[in-house]
Amino acid sequence: MIVLDDPDDPPAVLNGAIFQVFNVKPAGTGILKPFLRIHDNGTSGNGVEQGYNTGYRGAGFPDFDQKTDPNYTRNLTLGAVPVANVGSTSYREFLLDLNEPGGSKADISLNELHLFAGAAADGFSTNFAAPASFGGFTLLYDLDSNEDNTAILTDLFSGSGSTDVRILIPESSFVGRSASDYLYFYAEFTQADGSSQGGFEEFAPGQVPEPASFLIWGMLGVAFLAWPHARSTISNLGFKRQ
Ligand SMILES: [Ca+2]
Ligand SMILES: [Ca+2]
Ligand SMILES: [Ca+2]
Ligand SMILES: [Ca+2]
């Protein structure tokens with residue numbers, strides 16, 4: 001089990017994946033491109049909040065706790081997820097924005113995370129909740145494949161679209177897949193402190209900086225001054241963006 005409950009916590013590793021406090025606070029709209037929003041809607045019951053991304057909107061959806069806005073729970077291709085290098089290891093970068101109340105209710109427990117790939121868009125199956133390949137969908141990564149792992153995370157940065165955590169999945173999980181493959185990202189949270197709280201939890205691909213703004217930041221040398229938490233954790237990891 002890992003716990004990230006302080007902005008200065010160092011990155012932690014669970015079954016090869018890196019979990020890191022990471023705040024991206026878009027100045028405008030359209031910078032974060034979420035692909036999965038889940039909010040306990042009572043379907044799962046018992047305070048479990050779970051779901052996977054898909055563009056499917058036919059009968060039976062949502063089958064878990066997905067929000068149905070097509071802009072925020074949608075199909076995602078592997079090519080749309082950027083690569084981040086930590087030392088000599090490559091990872092695929094995902095961002096997580098938690099929406100929990102403050103104080104003693106600010107934490108949330110990520111219990112399961114499954115990543116599948118398939119040639120088909122609009123996948124629709126409760127089998128995504130089980131860590132096993134099925135019907136054209138190949139399991140690429142399971143947070144619990146080595147043991148039952150848990151990440152206790154905290155809504156450290158409030159406000160919609162203000163991310164809290166970066167999750168880096170080893171590129172070795174994606175060997176043999178192509179950029180056009182569809183990714184299915186299943187997550188399951190429970191609430192250590194009671195039933196579902198606050199707003200939805202939201203996943204997005206890592207951000208690829210716009211070349212112009214990146215250049216300006218570099219010229220002014222202020223990029224990391226404006227991003228102190230990322231600065232400290234990036235230097236811890238020897239992070240280098242491709
Ligand atoms: Ca947040
Ligand atoms: Ca909570
Ligand atoms: Ca687990
Ligand atoms: Ca919540």
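**Close-up views of a predicted model**

View 1. The largest nonpolar core holds 48 residues, and Y184 and F185 have the most contacts inside it. Here a nonpolar core means a set of buried Ala, Val, Leu, Ile, Met, Phe, Trp, Tyr and Cys residues joined through C-beta atoms within 7 Å. Strand 12 (residues 182–190) gives the most to this core, with seven residues. Strands (E, at least two residues) and helices (H or I, at least four) are DSSP runs, numbered from the N terminus. This is a predicted model, in which local features need pLDDT of at least 70, side-chain atom pairs count only at pLDDT 80 or more, and totals for chains, interfaces and linings use all residues. Residues are numbered from 1 along each chain as its sequence is written, while chains are lettered from A and ligands numbered from 1 in the order in which they are written.

**View 2. The neighbours of Y184.** Leaving out residues up to four places away in sequence, Y184 touches Y52, N53, T54, F116, G118, G123, F128 and F137. Touching means that the C-beta atoms of two residues, placed from the backbone, lie within 7 Å.

**View 3. The cis peptide bond between F61 and P62.** Look here for a cis peptide bond joining F61 and P62, with omega about 0°. P62 sits in the loop between strand 5 (49–52) and strand 6 (83–86).

View 4. N15 has a phi near 45°, a positive value in a residue other than glycine, and lies in the loop between strand 2 (12–14) and strand 3 (17–21). N15 is partly exposed because 15 other C-beta atoms lie within 10 Å. A residue counts as buried with 20 or more other C-beta atoms within 10 Å of its own, exposed with 12 or fewer, and partly exposed in between. D122, also not a glycine, has a positive phi near 60°; you will find D122 in the loop between strand 8 (107–118) and strand 9 (137–142). D122 is partly exposed, since 13 other C-beta atoms lie within 10 Å.

View 5. S180 is placed in the loop between strand 11 (165–170) and strand 12. With 9 other C-beta atoms within 10 Å, S180 is exposed. S180 and A80 are 100 residues apart in sequence, yet their C-alpha atoms are 8.9 Å apart in space. Not counting residues up to four places away in sequence, S180 touches T77 and G79.
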